[in-house]
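Biologist: I would like to learn how to read several features of a protein model. May we take them in turn?

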Amino acid sequence: YDIRLPEGLETIGEGAFCVARVRSEELILPDSITEIGVDAFDSIHREIDAAGTDLYGFRTIHMPADLKRMGSFAFAVLAEGEAALECENISLGSKFSHIGTGAFTGQNCKAFEVSPRNKTYSAADGFLLTADGKTLITAPSGMTGEVTIPKGVTGIRQIAMRECPYITDVHISSEVTMIGANVFAQDLDSYEDNAWKVTIHCPKGSAAADYANLLGIPWVEEN
């Protein structure tokens, strides 16, 4: 079925469409919605052939203009590679003030966008940041290749890039003095202990270098 919600609806409850099988690859939510609950659209999928092959996530998600809060794993996708649809950038409006842990885990988008009038969050180079630009909250799961932590960021929150399996290299300056737990993706298919999917590029003696040494993450010295 397709998900069609009436204008005037304000809340989508916990697990409302969790694991639902749908037809449409586009999700348009009424602008009146202010809250999306935990696991609300978790693992949305559609069957694409008689063999039972599924595609997960959406190509487009229209976020409500009035949206204020989003629960953990609200749009999570438990699929990688070709099984996850490539999604357009996620745009968050001026009223948005809370995002739960892993809200977009696995949702294959390349970047976050935030209204310049938002007082809680901002975005730079595709990353979701606090409004003052000092803390990196999360990276989109579809971000790929070599990335650089935006200028002005001094802290990286826990699990910020853990669900970004296609990021290969991260450049972190000495501006960054705090890095949370479980920030980077590990290769869970490897038989080696502490097998990481990422290489850190950072100055010697920096917080990033200390973090890499502590966890055994490969790193390369750069100024």
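Modeller: Let us start with accessibility: a residue is buried under 20% relative accessible area, exposed over 50%, and partly exposed in between, using a 1.4 Å probe and protein chains only. With 43% relative accessibility, K95 therefore counts as partly exposed. This is a predicted model, in which local features need pLDDT of at least 70, side-chain atom pairs count only at pLDDT 80 or more, and totals for chains, interfaces and linings use all residues. Residues are numbered from 1 along each chain as its sequence is written, and side-chain values use heavy atoms, with hydrogens and water left out.

Biologist: With which residue does K95 form a salt bridge?

Modeller: Side chains of opposite charge can pair when their charged atoms come close. A salt bridge is a side-chain nitrogen of Lys or Arg within 4 Å of a carboxyl oxygen of Asp or Glu. Here the partner of K95 is D66, and the closest N and O atoms are 2.9 Å apart. The two residues are 29 apart in the chain, K95 in the loop between β9 (90–92) and β10, D66 in the loop between β6 (60–62) and β7; strands here are DSSP runs (E, at least two residues), numbered from the N terminus. D66 is partly exposed, at 26% relative accessibility.

Biologist: How many salt bridges does the whole structure hold?

Modeller: A search finds six. One of them joins R23 and D2, at 3.7 Å from N to O. R23 is exposed at 60% relative accessibility, whereas D2 is partly exposed at 25%. Another joins R21 and D54, at 3.1 Å from N to O. In that pair, D54 is buried, with a relative accessible area of 17%, and R21 is partly exposed, with 39%.

Biologist: In what order do the strands of the open sheet lie?

Modeller: Two strands pair if DSSP finds at least two bridges between them. The open sheet of four strands has the order β1-β3-β7-β10, with parallel pairing. Its edge strands, β1 (11–12) and β10 (98–99), each pair on one side only. Two bridges join β7 (residues 69–70) to β10, and R69 has H98 as its bridge partner in β10.
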